[in-house]
Amino acid sequence: EEEKSLNFIEEIIESDLESGKYKQIVTRFPPEPNGYLHIGHASSICLNFGLTAKYPGYTNLRFDDTNPVTEDTEYVESIKGDIRWLGFTWKNELYASDYFGQLFEFAELLIRKDLAYVDDSTSEAIAELKGTPTHPGVNSPFRSRSIDENLDLFRRMKAGEFPDGSKTLRAKIDMAHPNMLMRDPILYRIKHAHHHRTGNEWCIYPMYDFAHGQSDSIEHITHSLCTLEFVPHRELYDWLIEMLGIYPSHQYEFARRNLSYTVTSKRKLLQLVTEKHVTGWDDPRMPTISAMRRRGYTPESIRNYCDRIGIAKRDNLDDVSLLEFCVREHLNKIALRRMVVFDPLKVIITNYPEGKVEHMSSEENPEAAEGAVRDVPFSRELYIEREDFLEQPPKKFFRLAPGQMVRLKSAYIIRCDEVVKDPSGKITALHCSYIPESRSGSDTSGINVKGTLHWVSVPHAVSAEVRLYDRLFRVEDPGNEEGDFKDFINPDSLETISHAYAEPALLQSKFDERYQFLRKGYFVLDKDSSEENLVFNRTVTLKDAWAK
Ligand code: ATP
Ligand code: MG
Ligand code: MG
């Protein structure tokens, strides 16, 4: 195998391990449980867990649940399921909310060091006094409160004596600092809200900047990896750790991964769900992990994709074609071959005995070493795909046409003798004859045909619903278009075929199996499926329909 060069985070880690700075590394994946994980999160998961698979150490799963209003246990469960499904195992399952007591003590420590104060200013007043990047801010009139007064007020904030928004706790740093985030950032706010884990125990909640780095430190995270928008936060991250004198975790930033023809923002995905543009977070058109799973993507293909795109220092839009390529590449290896006719045209083989059934054997997967086969029943009446017949074919049409021959996959060569039409002129059936010596595997006919068609025996056919998906958006980067991203939704992203005709082997379909419907693409059983009504999702087409 080709040796891959190290990415910049691996370089940092290798040098940290070589210098003896660390014996092992500890990373964490820190989702906020306010939505389902998407493909961007998958890349962060692969990065964090991938590093501790490669180097000694482990990865924690930490729910960044410091915002009581938007968070929910449903999301916690889905996130755990998604990470497991991707194939990763965390060392500890942790919650930032478990540190609320410790964080409160950290805050008191800052107050005692005269590094934090309670501010009675409104959020508008705080914003107004912040200054601009080129102009220094102005000190709050509450900045010079005594340590004792601050301690007293902060405890009373915690005790619930004050209404929402009436007070905040701020770090006392420098209102003229060139980094706006260092201009006395807010550390705590009052919010009388129910939290999905701590209930009504707390009415003050730490801000991201006062929770994240401290949680990293409490867990002795060595390399805290986050996305680029946190670069300006690093200074505050380091300042708080230094002032508190706690374990020095370090923050490193990498670029967000975005995917073309979709959006990767939980806020926007939530809108698609609540406004019913999709059927749910796991609608197979969504870029969430649960949707990709339902659509038939494999964990292997998603991991392979994340590996290929790697990590970057600049934000970019990754081509969904590469993701689909990875999915195809894996499914080609594992998918069981099946025949399904979407739009049937009946073929009657006039020289084949009525009532006779032959069991043709067809390979489960030509890529697989074992060469397993399945039985496919063949009889006098078959369905082929309507588009596989043309009454007036152009040159090089190697499918069926009057007088023309094709092979039926794993069965016989047939010739079209007669076209049957109803009074309106619609073709209702084809009368064909088969060449008895042409049976696949023992063909002595000496006839060479260029086309091979998929087919299903009429009396054995099983009805199935098939869902075909296209891109959810019409433009490459809907999140960066002017106006509402939802104006760019593709109205034709779902096509449902209610009555496809499937070979009977599909009656035994399993949710964890993948199928290639010959000439149609890769498919998987959908959760809406029942014994009475089989439902399949097309995971991906056989070829990239968008490639030029
Ligand atoms: P969103 O904007 O979708 O809400 P987020 O960053 O707020 O994303 P978190 O739940 O905080 O979502 O993310 C958990 C982890 O996943 C963070 O470390 C974050 O950096 C990472 N992450 C989120 N989105 C992406 C992305 N598009 N590409 C790479 N990493 C991401
Ligand atoms: Mg976040
Ligand atoms: Mg977010």
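## An exposed loop residue, and how the model is read

Lys396 is exposed, having 6 other C-beta atoms within 10 Å, where a residue counts as buried if 20 or more other C-beta atoms lie within 10 Å of its own, as exposed if 12 or fewer do, and as partly exposed in between, with C-beta atoms placed from the backbone. The loop that holds Lys396 lies between strand 17 (381-385) and strand 18 (405-408); helices (H or I, at least four residues) and strands (E, at least two) are DSSP runs, numbered from the N terminus. Lys396 has a phi near 65°, a positive value in a residue other than glycine.

This is a predicted model, in which local features need pLDDT of at least 70 and side-chain atom pairs count only at pLDDT 80 or more, while totals for chains, interfaces and linings use all residues. Residues are numbered from 1 along each chain as its sequence is written, and chains are lettered from A and ligands numbered from 1 in the order in which they are written.

## A further positive phi

His220 also has a positive phi in a residue other than glycine, near 55°. The loop between helix 7 (208-218) and strand 8 (223-227) contains His220, and with 13 C-beta neighbours inside 10 Å this residue counts as partly exposed.

## The nonpolar cores

A nonpolar core is a set of buried Ala, Val, Leu, Ile, Met, Phe, Trp, Tyr and Cys residues joined through C-beta atoms within 7 Å. The largest such core has 87 residues, and those touching the most other members are Ala42, Ile384, Ile414, Trp455, Val456 and Ala502. Helix 2 (residues 39-54) gives the most to this core, contributing seven residues. A second, separate core has 30 residues, among them Phe106, Tyr117, Leu236 and Tyr237. In soluble globular proteins, nonpolar side chains tend to be buried together.

Two residues are in contact if their C-beta atoms, placed from the backbone, lie within 7 Å. By that rule, and leaving aside neighbours within four places in sequence, Ile414 is in contact with Ile349, Met405, Val406, Leu408, Cys432, Ser433 and Tyr434.

## Helix 2 against helix 11

The axes of helix 2 and helix 11 (residues 299-309) come within 9 Å and cross at roughly 80°, where axes are lines fitted to C-alpha atoms, for helices over the stretch in contact, and angles run from 0 to 180 degrees between N-to-C directions. Helix 2 is therefore roughly perpendicular to helix 11, since angles of 65 to 115 degrees are classed that way, those under 35 as roughly parallel, those over 145 as roughly antiparallel and the rest as oblique.

Helix 2 makes this contact through Ala42, Ser43 and Cys46, and helix 11 through Ile302, Arg303, Cys306, Asp307 and Ile309. These residues divide into five nonpolar, one polar and two charged, with Ala, Val, Leu, Ile, Met, Phe, Trp, Tyr, Cys and Pro counted as nonpolar, Asp, Glu, Lys and Arg as charged, and the others, Gly among them, as polar.

## Pairing around strand 20

Two strands pair if DSSP finds at least two bridges between them. Strand 20 (residues 427-434) pairs in the parallel sense with strand 14 (residues 344-349) over four bridges, and Ile349 stands opposite Cys432 of strand 20. Strand 20 also pairs with strand 19 (residues 413-421), in the antiparallel sense and over seven bridges, and here Cys432 is the bridge partner of Cys416. Strands 19 and 20 form a hairpin with five residues between them, and Gly425 in the turn has a positive phi of about 95°.

An open sheet of three strands has the order 1-2-3 with parallel pairing, and its edge strands, strand 1 (25-29) and strand 3 (93-95), each pair on one side only. Neighbouring strands of this sheet are turned by 35° against each other on average, direction ignored. Strand 1 pairs with strand 2 (residues 57-63) over five bridges, and Arg28 has Asn60 of strand 2 as its bridge partner.

Elsewhere, strand 6 (residues 186-190) runs antiparallel to strand 5 (residues 168-171), to which three bridges join it, with Ile186 as the bridge partner of Arg170. Three bridges also join strand 6 to strand 7 (residues 204-206), again antiparallel, and Ile204 is the bridge partner of Ile190.
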